[in-house]
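Reader: I am new to this structure and would like to go through it by question and answer. Please start once it is on the page.

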Amino acid sequence: VDNDGKKYTWTISGKIYYRNLCINDRYQSQNVKNKLNMLNKIYATSAGKKVLQELVSSKETYSITNELPTNKNATASYDGGENKFKMGKSNDISVFAHELFHAYQDQKGRNNPSIYNEVEAYVFQGKIMDQLGIDSKFNSGISSSNNSKYEKSMNNLVKKFSVQDFNYAISNFRISANANKNGDYKDYKYVPSGFNLSNSLLIGL
């Protein structure tokens, strides 16, 4: 912790991994500890380690704040323009993982709002929970009780990527995902121009 108490360095087992993490949480120490604890847990998974190492190696500075997301229906959000995670009051590791993947997409030049990106982020979220051994069933409500085939495709993607499952999940996200129950993604493109289903960032995680 810096002397002014405003900037924090994420450490794992006492070893400093990077200094480009700034947590602005009105200096509520327990909230800061919770955020760092979540980062450590995410880093402990193979999928999370790859994503976080990519963010660590960038020249960007990422801020984690307790600001509320602009979308009132959202629990948290990632603002690529400011490299800022607006976590509100959330200390949900699955939500944090979802927003971290949006930062990863942004780092890879894939920051277009799209169903493609949302499906990727929800699958990554599921991967983190699966690798941590937490049975969350897509804690943010991505699984659909009325569409078992959609849910099966999402669960398949958590275990192993396939273009067939990815395509099905994207095509049915609007009508089958509980995450879209308020219509938040109704205007999102399914697949942005230049994106390829066989070149998903999920491959290799």
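Reader: Where is N112 found?
Author: Helices (H or I, at least four residues) and strands (E, at least two) are DSSP runs, numbered from the N terminus. N112 is found in the loop between α3 and α4.

Reader: What kind of model is this, and from which number are residues counted?
Author: This is a predicted model, in which local features need pLDDT of at least 70 and side-chain atom pairs count only at pLDDT 80 or more, while totals for chains, interfaces and linings use all residues. Side-chain values use heavy atoms, with hydrogens and water left out, and along each chain, as its sequence is written, residues are numbered from 1.

Reader: Is N112 buried, partly exposed or exposed?
Author: Buried means under 20% relative accessible area, exposed means over 50%, and partly exposed lies in between (1.4 Å probe, protein chains only). The relative accessible area of N112 is 32%, so N112 is partly exposed.

Reader: Which residues is N112 in contact with, leaving aside its neighbours within four places in sequence?
Author: Contact means heavy atoms within 4.5 Å. N112 and K189 are 77 residues apart in sequence, with their C-alpha atoms 8.9 Å apart. Leaving aside neighbours within four places in sequence, the contacts of N112 are N117, P192 and F195.

Reader: In what order do the elements run from the N terminus?
Author: The chain has 6 helices and 6 strands. From the N terminus on, they run β-β-β-α-α-β-β-β-α-α-α-α.

Reader: Among contacts between residues at least 6 apart in sequence, how many percent join residues at least 24 apart?
Author: The chain has 205 residues, of which 50% count as buried. Among its contacts between residues at least 6 apart in sequence, the share joining residues at least 24 apart is 57%.

Reader: How many nonpolar, polar and charged residues does the contact of α2 with α4 have?
Author: On the α2 side are S46, A47, G48 and V51, which meet F124, I128 and Q131 of α4. Ala, Val, Leu, Ile, Met, Phe, Trp, Tyr, Cys and Pro count as nonpolar, Asp, Glu, Lys and Arg as charged, and the others, Gly among them, as polar. By class, the contact has 4 nonpolar, 3 polar and no charged residues.

Reader: Is the pair of F101 and Y104 stacked, edge-to-face or tilted?
Author: Rings of Phe, Tyr and Trp (its six-membered ring) pair if their centres lie within 6.5 Å; planes under 30 degrees apart count as stacked, over 60 as edge-to-face and the rest as tilted. The structure holds 11 aromatic pairs. The ring centres of F101 and Y104 are 5.3 Å apart and the planes are at 50°, so this pair is tilted.

Reader: In which helix do F101 and Y104 both lie?
Author: F101 is buried because its relative accessibility is 0%, and Y104 is buried because its relative accessible area is 4%. The two are 3 residues apart, about one turn of the helix, and both lie in helix α3 (residues 93-107).

Reader: Which residues is E99 in contact with, beyond its neighbours within four places in sequence?
Author: E99 is found in helix α3 and counts as buried because its relative accessible area is 7%. Its C-alpha atom is separated by 9.3 Å from that of D79, 20 residues apart along the chain. Beyond neighbours within four places in sequence, the contacts of E99 are A76, S77, Y78 and F85.

Reader: What does I170 touch, not counting residues up to four places away in sequence?
Author: I170 is found in helix α6 (residues 163-176). At 2% relative accessibility, I170 is therefore buried. Not counting residues up to four places away in sequence, I170 touches I115, Y116, V119, Y190, V191 and L197.
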